[in-house]
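Here is a walk through one protein chain. Keep the 3D view open and follow along from the overall fold to single residues.

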Amino acid sequence: MTKLFTPATFGDLHLKNRVVMAPLTRNRANPADHAVTSLTVEYYSQRAGSGLIVTEGSQISPEGKGYAWTPGIYSEAQVAAWKAVTDAVHAKGGKIAIQLWHVGRISHTSLLDGQAPVAPSALTAASRTFDGSAFVATSEPRALETAEIARIVEDYRKAAANARRAGFDAVEIHGANGYLIDQFLRDTTNRRTDAYGGSQENRVRFLDEVVGAVVSEMGAGRTGIRLSPFSNANDVGIDSDTVGLFSKAIDVLNRHKLAFLHMVEGQTGGPRDWPVGALETLRDRFDGAYIANNGYTRAMAVEAVESGAAEAVAFGKLYISNPDLAERLAVDAPLNPLPTEGLYGGGADGYTDYPALEPADS
Ligand code: 8OZ
């Protein structure tokens, strides 16, 4: 049997196969309360054949929001709405992790009640966000006061407690793609002179505190993280010592005994390029399960898991138009073409209307 389709245990998580659904922002939460809707229950339930679903990024606080109609995990209404999702996925024998997200500087004042986004340093990203009607340049952020950082760490802890109450099997901390944690890590975006900036040890401090807070609620065996060390997504910039910095970050993850590291290999949604040997150095340093991601085909995924290069492979784009992707890959069935519209916002069109190979309940 091809190992990709065999069960796996990552920490306290028992997965039926090693085909992971990658987090995908789809902007379909209720605009009034940022809670997911019954359409989202249907969407994830259709994808329960995956060994592990990782949800779309879900903001840990109103301040952590960077785009229109993304869901939150900080209010009781949001917890109740997510509980319907986890119940539906569990009823179909699936497992689901929620991705905890704070966008930092990748936001706009119009999404934040007129407030400036917060960031380690007051440096504006050359990036864009969607404000509900148009793509707009991200706003100039304000640098966080040292005393405020504990409050954000506490927001992560509360979000993890909410995730547990909402029935999630695990939490994935969003440490990738130029959002808040990534902004603290890199010397391109972190120019602080307090205990959270300067040396690599100081720049991993925020990550360390966030991971500690999340683990205190979920347990390390049900906590993972997504990183993208080689990606310049959201204009985060490439650190002057990527391998040194991310080695220290991975040492933090190992100290906390995290269950999995979900790696965006290369440029987010782009070329699989990195300095020779650098990805392998970081991958091998991590003690837990390694989930590979970025542009994998079936053949690449089979080979990666067979050879031991990865314990699992996460697919994003292919999961948009193939709700039964794991089942299709297992029998090497043809795939629905990649979608071109309906990605961000809207209703059922391009969301829950992609056909499965066979009726899901037959
Ligand atoms: C696409 C559009 C908006 C956000 C990421 C959460 O890149 C995202 C994202 C992707 O991690």
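Asp239 and Arg203 are both buried. Their side chains meet in a salt bridge, 3.0 Å from N to O. This pair links distant parts of the chain. Asp239 sits in the loop between strand E11 (223-227) and helix H7 (242-255), while Arg203 belongs to helix H5 (residues 200-203). The two residues are 36 residues apart. Keep in mind that this is a predicted model.

Now step back to the whole chain. The protein has eleven helices and 14 strands. Its C-alpha atoms fill a box of roughly 60 × 45 × 35 Å along the principal axes. How does the radius of gyration fit with a compact globule, and what is its value? A compact globule of 362 residues would have a radius of gyration near 21 Å. The protein has 19 Å, which agrees.

Buried residues make up 60% of the 362 residues. Take the contacts with a separation of 6 or more: residues 24 or more positions apart account for 73% of them.

Next, the charges. There are 34 positive and 43 negative side chains. The centres of the two sets lie 2 Å apart. The salt bridges number 19.

Look at helix H3 (residues 149-165), which holds both Asp155 and Arg151. These two residues form a salt bridge, with the closest N and O atoms 3.4 Å apart. They are four residues apart, about one turn of the helix. Is Asp155 buried or exposed? Asp155 counts as buried because its relative accessibility is 12%, under the 20% cut-off. Arg151, at 33% relative accessibility, counts as partly exposed.

Glu217 pairs with Arg157, and the closest N and O atoms are 2.5 Å apart. Here the bridge links distant parts of the chain. Glu217 is in helix H6 (residues 205-218) and Arg157 is in helix H3, 60 residues apart. Glu217 has 17% relative accessibility, so this residue counts as buried. Arg157 is partly exposed, with a relative accessible area of 25%.

Now turn to helix H1 (residues 38-46). Which of its residues are buried? They are Thr40, Val41, Tyr43, Tyr44, Ser45 and Gln46. What covers them? The cover includes strand E3 (19-21), strand E4 (52-59), helix H2 (76-91) and strand E5 (96-101).

From there, follow the chain into the loop between E4 and H2, where Pro62 is found. Set aside the neighbours within four places in sequence, and Pro62 is in contact with Tyr74 and Leu112.

At 26% relative accessibility, Gly288 counts as partly exposed. Which residues does Gly288 contact, leaving aside neighbours within four places in sequence? They are Asn254, Leu258, Ala259 and Glu311. Gly288 and Ala143 are 145 residues apart in sequence. From C-alpha to C-alpha they are 34 Å apart in space.

Finish in the loop between E11 and H7, which also holds Asp239. Asn234 has its place in this loop. Its phi is positive, about 55 degrees, although Asn234 is not a glycine. Asp235 lies in this loop too. Phi of Asp235 is near 60 degrees, again a positive value in a residue other than glycine. Asp235 is partly exposed, with a relative accessible area of 31%.

Technical notes
Residues numbered from 1 in each chain as written. Predicted model: local features only at pLDDT ≥ 70, side-chain atom pairs only at ≥ 80, totals over all residues. Heavy atoms only, no water. Rg over C-alpha atoms; globule rule 2.2 N^0.38 Å. Buried < 20%, exposed > 50% of the residue type's maximum accessible area, 1.4 Å probe, protein only. Contact = heavy atoms within 4.5 Å. Lys, Arg positive; Asp, Glu negative; His and termini not counted. Charge placed at Lys NZ, Arg CZ, Asp CG, Glu CD. Salt bridge = Lys/Arg side-chain N within 4 Å of Asp/Glu carboxyl O.
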